[in-house]
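Here are my notes on the model you passed along.

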Amino acid sequence: GATTICAALAEVCSVHKKKTLLWDLDVESRDLCRSLTVNGAEAKVVADWINGSRDISRDSIVDALVPVSDDVSVLMPPDSMAEAMDLVCHTDGIAICQKILDIARVMNDVIIIDTGGRIGPATGALMRAADEVVIVIDDTILGLTALDLFLTYMKALVLGPDRISFVINFFTGSKLMVSQIESELEPAHKLGARPWRMPPVPYDEKASLWPGSGKGFYRLGRKDTKLAIEEIAAHLQFIDFSGE
């Protein structure tokens with residue numbers, strides 16, 4: 001559900017005319033790019049940054065971006081798996097990602113990075129630099145037990161829970177409540193109330209068919225689905241939201 005939430009938040013930002021960068025750092029499955037049917041020669045620009053044949057600059061970042069709406073653009077993973085692995089797995093990737101981030105912050109109101117769950121030197125550094133690290137939890141027992149292990153590492157990586165937020169994605173349509181999920185994890189991790197402040201994303205079968213459809217999860221969603229995404233965007237300070 002993380003890719004779905006990233007794309008849906010970008011949709012909301014677009015509605016509110018926020019200049020937004022969607023950065024796909026899931027270098028293996030490229031779920032975000034595949035879901036949005038984004039591909040092209042722009043990925044070679046990213047590969048060139050990594051192999052040193054092109055400088056990272058405002059102009060070259062513009063060349064690397066693929067617009068998906070008037071206000072949202074996608075930065076793809078490099079077109080070569082060798083460069084992709086160097087970016088996320090090698091320590092040299094830290095400086096590359098940091099430079100991209102520094103320039104992108106000047107160019108955009110919002111930057112949303114989909115790491116695809118892969119934690120390496122570069123993605124770890126980006127998480128430390130992030131204003132907020134959003135962890136999407138699905139409503140399955142296996143998902144919860146995996147999160148229990150993941151949280152121990154994540155808290156050390158981002159230096160505590162103050163920048164961690166959870167989004168519960170009711171992927172299976174189960175009746176598991178957010179309060180139940182919180183009660184399972186809170187005694188061991190003592191995160192406090194802040195990470196749990198986001199509304200859950202309801203099970204929405206129609207909206208879940210968004211990948212590759214040319215329409216987004218937010219656009220296809222029911223009224224309660226759209227409201228949840230808008231509230232999450234407001235909590236993350238992407239948009240101002242009155243709830244009306």
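Predicted model: local features only at pLDDT ≥ 70, side-chain atom pairs only at ≥ 80, totals over all residues.

1. **Ground rules.** Residues are numbered from 1 along each chain as its sequence is written, and side-chain values use heavy atoms, with hydrogens and water left out.

2. D114 sits in strand β4, residues 110-114. A salt bridge needs a side-chain nitrogen of Lys or Arg within 4 Å of a carboxyl oxygen of Asp or Glu.

3. Leaving aside residues up to four places away in sequence, D114 touches T3, C6, W23, D24, L25, D26 and L32. Contact here means heavy atoms within 4.5 Å.

4. **Where R34 goes instead.** R34 has a salt bridge with D31, at 2.4 Å from N to O. Both residues belong to helix α2 (residues 31-35) and are 3 residues apart, about one turn. As a reminder, an α-helix has 3.6 residues a turn, so residues three or four places apart point the same way. R34 counts as exposed because its relative accessibility is 53%, and D31 is partly exposed because its value is 24%.

5. **Overall build.** The chain has 11 helices and 6 strands. Its radius of gyration is 18 Å, close to the 18 Å from the globule rule for 244 residues, so the chain is as compact as a globular protein of that length. That radius is taken over C-alpha atoms, and the rule is 2.2 Å times the number of residues to the power 0.38. Along the principal axes, the C-alpha atoms fill a box of roughly 50 × 35 × 30 Å. Of the 244 residues, 48% count as buried. Among contacts with a separation of 6 or more, 73% come from residues 24 or more positions apart.

6. **An enclosed helix.** How many of the 10 residues of α3 (residues 42-51) are buried? The count is 7, so α3 is largely enclosed by the rest of the structure. The buried ones are A43, V45, V46, A47, D48, W49 and I50. They pack against α4 (58-64), β3 (72-75), α5 (81-89) and α6 (92-107). After α3 comes G52, with a positive phi near 85°.

7. The structure holds 7 salt bridges. One of them joins E132 and R194, with the closest N and O atoms 2.8 Å apart. E132 is in the loop between α7 (121-129) and β5 (133-138) and R194 in the loop between α9 (178-189) and α10 (217-220), so the pair ties together parts 62 residues apart in sequence. E132, R194 and R197 are linked in a network of salt bridges. D204 counts as buried because its relative accessibility is 5%, whereas R222, at 38%, counts as partly exposed.

8. Most residues other than glycine have a negative phi. K17 is not a glycine, yet its phi is positive, about 60°. K17 lies in the loop between α1 (2-15) and β1 (20-24) and counts as exposed at 59% relative accessibility. Q237 is not a glycine either, and has a positive phi of about 65°. Q237 is in the segment after α11 and is exposed, with a relative accessible area of 71%.

Note on methods:
Helix = DSSP H or I, 4+ residues; strand = E, 2+ residues; numbered from the N terminus. Buried < 20%, exposed > 50% of the residue type's maximum accessible area, 1.4 Å probe, protein only.
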